[in-house]
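Work through the two exercises below with the sequence and the model open, and check each step of the solutions against what you see.

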Amino acid sequence: MAVNLPPQYHEAEERFRKAKGPEEKLAALREMWVLLPKHKASEKLQADLKRRISELTDQIEQARTAPKRSGGTVHKIPRQGAGQVVLLGPPNSGKSRLLAALTQATPVVAPYPFSTREPLPGMMDYEDVRIQLVDLPPISADHYDHFLTDITRGADAALLFLDLSDDDGPPATQAVIDRLRQARRHLVPPGAPPPEDPAHYALPTLLVATKADDPAADIRLALAREVFDDTYPWQTISAERGEGLSELRQAIFRLLDVIRVYGKEPGQPPDRSSPFTLRRGSTVADLAEHIHRELGEKVKAARVWGSAAFAGQTVGRDYVLQDRDVVELQV
């Protein structure tokens, strides 16, 4: 499917190329966003424009608020596995301990605040896929590392932490939500529509209530549920005792809203050792393009085992795949 960009889009793109300052560039990018047709064929272009608008907006804002700062800490966490999930929470909320419990990462786990100073990734196993968890420095009303804005731009979802051993757990967690909103990062329930402003990002969020082994955890949990109501899905855990971790792994996988698809060569059994992971709603054509761009253009049909009406049924390139489908592409 062609994007079919209107002439006005190309004119705005030319203004972007000729722009001399960041404000001019941003104005041209925003015009391109408005003019861009919003449909499936333009999804990649939408994502690229949104990223560029967000990056430029951040640069302009940081230059205005901190004009004397030069350089700054830059952290790049390459996305791996089925998705990247960032761990966000107030100081001493149990993020690092959970990362150590779910992955092979070895974060500093200490009883004092701000022991996490830099992003630390780890890979979590869930059934036959791996999911990247990234422990980030804590956030409070008066502490926010600006590189968090860049890292959260590339994340697929977030875990928001609530400390059940602290009477001030709910306001501390609310401060995280509020401070991220100031940075145009919105923690939203899964399935929420994206923000209309492309400079803003929405992260599907799971609320993780930690330290459920505390003697007063049940009382604090009841009070916290009154505060947050059903804004986010909840998972209650004790990383210290290993309680709730299996359920949390499954909840994290569901949070990503992806499917697993297994490839199959003609006349051969399917390869179930390393499934392809795609966004829910992906088609045969999306799978082919995920494997290789040229294959996405050439694929005509596929045989599908699993969700098809009968095993090995031939379906078209627009067929919507389901979790655990086995697919044999045909070109």
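**Exercise 1.** Determine how many bridges join β6 to strand β7, and how the chain crosses between these strands.

*Solution.* Strand β7 (residues 234–236) is joined to β6 by 3 bridges, and the two run parallel, where strands are DSSP runs (E, at least two residues) and helices are H or I runs of at least four, numbered from the N terminus, and pairing requires at least two DSSP bridges. Within this pair, L207 stands opposite W234 in β7. The chain passes from β6 through helix α7 (residues 217–228) to β7 in a right-handed β-α-β crossover, that is, clockwise from the first strand over the helix to the second with the strands pointing away from the viewer. Strand β6 (residues 201–210) has 8 of its 10 residues buried, meaning under 20% relative accessible area with a 1.4 Å probe, protein chains only.

The model is predicted, with local features needing pLDDT of at least 70 and side-chain atom pairs 80 or more, while totals for chains, interfaces and linings use all residues. Residues are numbered from 1 along each chain as its sequence is written, and side-chain values use heavy atoms, without hydrogens and water.

**Exercise 2.** Which three residues supply 68% of the area that domain 2 buries against domain 3?

*Solution.* An automatic or database assignment gives domain 2 (81–254) and domain 3 (257–328), among others. Together they bury about 630 Å², the accessible area (1.4 Å probe) lost on being put together, summed over both. The three residues are A82, D128 and F253.

Note on methods. Buried < 20%, exposed > 50% of the residue type's maximum accessible area, 1.4 Å probe, protein only. Buried area = accessible area lost by both parts, 1.4 Å probe.
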